[in-house]
Amino acid sequence: MASVKVWCILVLSFLLPHSYAHMDFFTSIGHMTDLINTEKDLVTSLKDYIKAEESKLEQIKKWAEKLDQLTDTATKDPEGFLGHPVNAFKLMKRLNTEWGELENLVLKDMSDGFISNMTIQRQYFPNDEDQAGAAKALLRLQDTYNLDTDTLSRGNLPGVKHKSFLTAEDCFELGKIAYTEADYYHTELWMEQALKQLDDGEVSTVDKVSILDYLSYAVYQQGDLDKAMMLTKRLLELDPEHQRANGNLKYFEYIMSKEKEANKSTTKTDSQTDKETKTKKKEPNKDYLPERQKYEMLCRGEGLKMVKWNSLFVFDFCLIYRTSHAGLI
């Protein structure tokens, strides 16, 4: 149970407004619960709409089947068919009245109830800023607990009861949000995860070209020119006419040639340079106070002998630290 609390606290702490105090955190959980109930209500409304559409379609299908048999018989022997006065009368009636009724049925909008409910509930929906905040909280949680992207993507979090996974599109969106913050470290991690899931056969609305476009630039921004070139070439294999990728490849080749010329004029050997490049470790942006690392260790329980009675205090302490140093309280 305590494990579940810490995940919630870390994620939701980034969603708190500036004026929220510690007690308001639980109100925030209440708001999130309201969103779950809202979504459940929308699903119920959507299912009602589907039933109404299916009922409407069933009526139209029955009408079509009945008229298909009737017109098939009539067209084979029109004179004999119309020789019966009842058939002649019913033909006039169908064309004058019943086809008009069918037209009204086809034109009838069965979505009014669902659209009305959506309009009412939309005012409570989170916006782009809320979504970005939730994404940043997930990235911060990833750093705090040293979780790899595959673990998060598969939803393999310790102590979590209701497991959920991230699709390639979800991973792509996380990478894009990191990209807008110039957080190229997390951009690379999540774009690579999205690409991996597509390579593994996942069907998605996001394509490899878009992923590689972001990924290659994020890698370049972190100084890994060789990998950036490799990714750009892979992109061009998929889309040879990609204008930005073609321009980037020429630029990368130019930079690499300049670096080789510069290396020749230095005392370092190529092997030494390669070794330094390979051993350079990529890390998250250091845009926080020095003591953050210590507090994150505290959140992970590293170097502490935590007992049951004070574990909740540690969780609350992590919450207070995170909200205060994020400028939220």
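1. At what angle do helix α11 and helix α12 pack, and how far apart are their axes? In this predicted model, in which local features need pLDDT of at least 70, side-chain atom pairs count only at pLDDT 80 or more, and totals for chains, interfaces and linings use all residues, helix α11 (residues 225-238) and helix α12 (residues 243-264) pack at an angle of about 150°, with 10 Å between their axes. Residues are numbered from 1 along each chain as its sequence is written, and side-chain values use heavy atoms, with hydrogens and water left out. The axes are lines fitted to C-alpha atoms, for helices over the stretch in contact, and the angles run from 0 to 180 degrees between N-to-C directions. The angle therefore makes α11 roughly antiparallel to α12, given that angles under 35 degrees count as roughly parallel, over 145 as roughly antiparallel, 65 to 115 as roughly perpendicular and the rest as oblique.

2. The crossing of α11 past α12 is left-handed, a term used if the near helix is turned anticlockwise from the far one by less than a right angle, whereas clockwise gives right-handed. On the α11 side the contact (heavy atoms within 4.5 Å) is made by L225, D226, A228, M229, T232, K233, L235 and L236, and on the α12 side by A245, N246, L249, F252, E253, I255, M256 and E259. By class, ten of these residues are nonpolar, two polar and four charged, where Ala, Val, Leu, Ile, Met, Phe, Trp, Tyr, Cys and Pro count as nonpolar, Asp, Glu, Lys and Arg as charged, and the others, Gly among them, as polar.

3. As for the chain as a whole, its secondary structure comes to 15 helices and zero strands, with helices (H or I, at least four residues) and strands (E, at least two) taken as DSSP runs numbered from the N terminus. Of its 329 residues, 31% count as buried, that is, under 20% relative accessible area, with exposed meaning over 50% and partly exposed in between (1.4 Å probe, protein chains only). Among the contacts with a separation of 6 or more, 66% are accounted for by residues 24 or more positions apart.

4. The pair α8 and α9 packs at an angle of about 165°, with axes 8 Å apart, and the two helices are therefore roughly antiparallel to each other. Their crossing is left-handed. Residues A168, C171, F172, L174, G175, K176, A178 and Y179 of α8 meet Y184, H186, T187, W190, M191, Q193, A194, Q197 and L198 of α9, and this contact has eleven nonpolar, five polar and one charged residues.

5. Helix α9 also packs against α10, at an angle of about 150° and with axes 9 Å apart, again in a left-handed crossing.

6. E188, placed in helix α9 (residues 184-199), is a buried residue with a relative accessible area of 6%. Its side chain is joined to that of Q222 by a polar contact of 2.7 Å and to that of K227 by one of 2.8 Å. A polar contact here is a pair of N or O atoms within 3.5 Å; within protein, one must be able to donate a hydrogen and the other to accept it, and residues adjacent in sequence count only if both atoms are side-chain atoms.

7. E98, in helix α4 (residues 85-107), likewise counts as buried, at 17% relative accessibility. The side chains of E98 and K93 are joined by a polar contact of 2.5 Å, and, residues up to four places away in sequence not being counted, E98 touches W63 and K93.

8. V209 lies in helix α10 (residues 208-221) and is buried, at 18% relative accessibility. Leaving aside residues up to four places away in sequence, V209 touches L235, L238, D239 and H242; the C-alpha atoms of V209 and L238, which are 29 residues apart along the chain, are separated by 6.8 Å.

9. Most residues other than glycine have a negative phi. N146, however, has a positive phi of about 50° without being a glycine; N146 lies in the loop between α6 (128-144) and α7 (149-154) and is exposed at 56% relative accessibility. A182, in the loop between α8 (168-180) and α9, has a positive phi near 60° and is partly exposed, with a relative accessible area of 38%.
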